[in-house]
Amino acid sequence: MSNSYIFRYAAILVVLVAVILSSAAMILKPLQDKNIAIAKMRGILEACNLHPTADDAVQMYEQFISREVVINPQGEEISIYDVKSKEFVLGTTRAFEVDLKTQLKHKSAGEDYILPLYDFVSQNDTLLVIPVHGRGLWGPIYGNIALKTDRNTIGGARFFHDKETPGLGAEIDQYWFSDQFKGKQIFDGSGKFVSVRPIKGGAGKLPESQRIHGVDAVSGGTITSNGLGTTIDHVLGSYVVYLTK
Amino acid sequence: MKSQQKEKESLFSPRYRKLISNPLSLENPITVQVLGICSALAVTTKLKPAFVMALSVTVVVALANVVISLLRNGIPSRIRIIVQLTVVAALVILVDQVLKAFVYDVSKQLSVFVGLIITNCILMGRLEAFAMANKPWPAFLDGIGNGLGYSWILIALGFFRELFGNGTLWGYRIIPQSFYEAGYFNNGLLILPPAALILVGTIIWIQRSRNKNLIEEY
């Protein structure tokens, strides 16, 4: 086999594979985007202890999320979107379309940024849903934390990941893990922000008075657990101005 | 004359059936050829991911085997490995894209495994050792056989690791709370990677003590 055959073979193969993959990606993109939006709505609702399916997520989102709010670093509401009437009460930015990751990057770069949050209202619960985003061991971890009306006690939480190791770090997306956050508090008695973090070896290791700020970390998933702790601390910390207003 | 006889060979002749049954025991990719150990360690802490991984590898190795077998006469031998890699990577990405569009939940489960499937030594091993020299149908059977041989080891590992490491199976609690109250502890070692090696070693030990042919001569 001559060199020119090898070059031709390789070139044709590569172009062929590139065409197949990129056309698949382009054709499927709208469907994938829709699924991603639905997954995001489900994540928000699941943090509020509901269990929507892929089919009724949009409907439940419109039913229970009353407002999408965007705030600025000073904790002022700069944009409010009424989900039911599909109208802006203030501003022109939908919190749902704000990419938290980009905004957090702006923040660490010292630039101007905005932060999204959601008001959840049902018969039994009124919650403030705060999305979080950060790094685990292998890739991004993200989720939502729902605060009760005292803006201190956690009413529900739910986390997701893209690439954590199954059975180890990936356990953060299980309910046994996120359910531990219910009833925990992010401010201490004196009103100082202390966040909530996973504790290696279990929250029971903490002194009695601190246990309300800790949950059990995942065995074998220490770096993911620590990553989540840092993520929550960092992101919730950015909302403190708003929460204490 | 001989080749004509081969053409008529039925789709499930004894020779073909062996392509499926041999990798389950005598030529098992994990316990005999010791390939694919990396993923056997990584995804077997729980039964469910082990099962998903097993299924995905079986599908991908069968498809890749067929594609490579169809291309086998045209592939320049000097770049065959990279051609095989390209085919496997393209197949895996394609499957992942389709899942993301139509069954998003499954794709979220699988996303972790995509990288692991591409680098799985079993795939390259089968493409190189079998698909490059055989027709598509036997190559397909060989892929299914090796996939299943890989699968049962993974599922066995997942079963023991989840049951004794977490007290659950497929996420459901099996070991009752009363055991824990009576002083029972989950074995934390089992969810760490070394436990998978110890278990694979145990399976190899059992297999070899039952089948002396597998023991190398010194």
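Analyst: **A helix and its surroundings**

Chain A has 5 helices and 9 strands, where helices (H or I, at least four residues) and strands (E, at least two) are DSSP runs numbered from the N terminus. Along the sequence, the order in chain A is α-α-β-β-β-α-β-β-β-β-α-β-β-α.

Before zooming in: this is a predicted model, where local features need pLDDT of at least 70, side-chain atom pairs count only at pLDDT 80 or more, and totals for chains, interfaces and linings use all residues. Residues are numbered from 1 along each chain as its sequence is written, while chains are lettered from A and ligands numbered from 1 in the order in which they are written.

Now for the part itself, helix H7 (residues 121-129) of chain B. Its buried residues are B:Ile122, B:Leu123, B:Arg126 and B:Leu127; buried takes 20 or more other C-beta atoms within 10 Å of a residue's own, exposed 12 or fewer, partly exposed is in between, and C-beta atoms are placed from the backbone. Looking down the axis of H7(B), those buried residues fall within an arc of 130°, so they line one face of the helix. That arc is taken from the directions from the helix axis to the C-beta atoms. An α-helix has 3.6 residues a turn, so residues three or four places apart point the same way.

What does that face meet? The buried residues of H7(B) pack against helix H4 (47-71), helix H5 (80-102) and helix H8 (136-166) of chain B, with contact meaning C-beta atoms, placed from the backbone, within 7 Å.

How values were computed: Two residues are in contact if their C-beta atoms, placed from the backbone, lie within 7 Å.
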